[in-house]
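The structure comes first, then the points grouped by topic.

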Amino acid sequence: MTTPLRILIIEDEPLIAMMLEDFIEALGHVRAGTADSIATALPLVERGSFDAVILDVNLRGGELCWPVADRLAEDGKPYLLASGGQSEALPDAHACAPVLAKPFTMDGVRSALERLAG
């Protein structure tokens with residue numbers, strides 16, 4: 001992958017979000033923004049100033065990411081679902097989305113972004 005991607009991070013844990021930012025920059029990509037809830041994510045998604053999204057499945061206060069994932073799918077924007085062991089099956093609308101398993105590693109993020117850029 002030679003062209004840097006602008007990656008939007010939607011993650012409710014600040015330390016994990018910062019780690020993802022570091023990984024993204026170390027891999028030669030650019031952070032396009034960070035959100036920690038559906039309310040803060042949707043305006044960033046609507047703005048559309050990104051190439052791909054890393055989307056945590058379980059957000060602040062027990063929110064699930066599906067309204068954001070639905071919007072990304074409607075807009076044809078690529079996204080990774082970040083999960084620390086989702087116990088429930090993914091909704092049919094997002095069953096084919098690539099999953100980035102926690103705990104994150106640099107190689108795991110690199111591979112997932114390469115699959116996404118594909």
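A salt bridge here is a side-chain nitrogen of Lys or Arg within 4 Å of a carboxyl oxygen of Asp or Glu. Arg 71 and Asp 75 form one, with their closest N and O atoms 3.0 Å apart. This is a predicted model, in which local features need pLDDT of at least 70 and side-chain atom pairs count only at pLDDT 80 or more, while totals for chains, interfaces and linings use all residues. Residues are numbered from 1 along each chain as its sequence is written, and side-chain values use heavy atoms, with hydrogens and water left out.

**Salt bridges**

- The structure holds 8 salt bridges.
- Helices (H or I, at least four residues) and strands (E, at least two) are DSSP runs, numbered from the N terminus. Arg 71 and Asp 75 are 4 residues apart in helix α3, so about one helical turn separates them.
- Buried means under 20% relative accessible area, exposed over 50%, and partly exposed in between (1.4 Å probe, protein chains only). Arg 71, at 25%, is partly exposed, and so is Asp 75, at 37%.
- Glu 11 pairs with Lys 102 in a salt bridge whose closest N and O atoms are 3.3 Å apart. This pair links distant parts of the chain, 91 residues apart: Glu 11 is in the loop between β1 and α1 (14–26), and Lys 102 is in the loop between β5 (99–101) and α4 (106–117).
- Glu 11 counts as buried at 3% relative accessibility, whereas Lys 102 counts as partly exposed at 24%.
- A network of salt bridges links Glu 11, Asp 56 and Lys 102.
- Arg 60 and Asp 36 also form a salt bridge, at 3.4 Å from N to O. Arg 60 lies in the loop between β3 and α3 and Asp 36 in the loop between β2 (30–35) and α2, so the pair ties together parts 24 residues apart in sequence.
- Both ends of that pair are partly exposed, Arg 60 at 42% relative accessibility and Asp 36 at 27%.

**Nonpolar cores**

- A nonpolar core is a set of buried Ala, Val, Leu, Ile, Met, Phe, Trp, Tyr and Cys residues joined through side-chain atoms within 4.5 Å.
- The largest nonpolar core has 20 residues, of which Ile 10, Val 53, Leu 55, Val 68, Leu 72 and Leu 81 touch the most other members. Two or more residues come from each of β1 (6–10), α2 (38–47), β3 (52–56), α3 (66–75) and β4 (79–83).
- Apart from this core lies another, of 17 residues, among them Phe 23, Leu 80, Leu 100 and Leu 116.

- Contact means heavy atoms within 4.5 Å. Not counting residues up to four places away in sequence, Val 68 touches Ile 10, Ile 38, Ala 41, Leu 42, Val 45 and Leu 55.
- Val 109 lies in helix α4 and is buried, with a relative accessible area of 0%.
- Neighbours within four places in sequence aside, Val 109 contacts Leu 20, Phe 23, Leu 27, Leu 100 and Phe 104. The C-alpha atoms of Val 109 and Leu 27 are separated by 8.9 Å, although the two residues are 82 apart along the chain.
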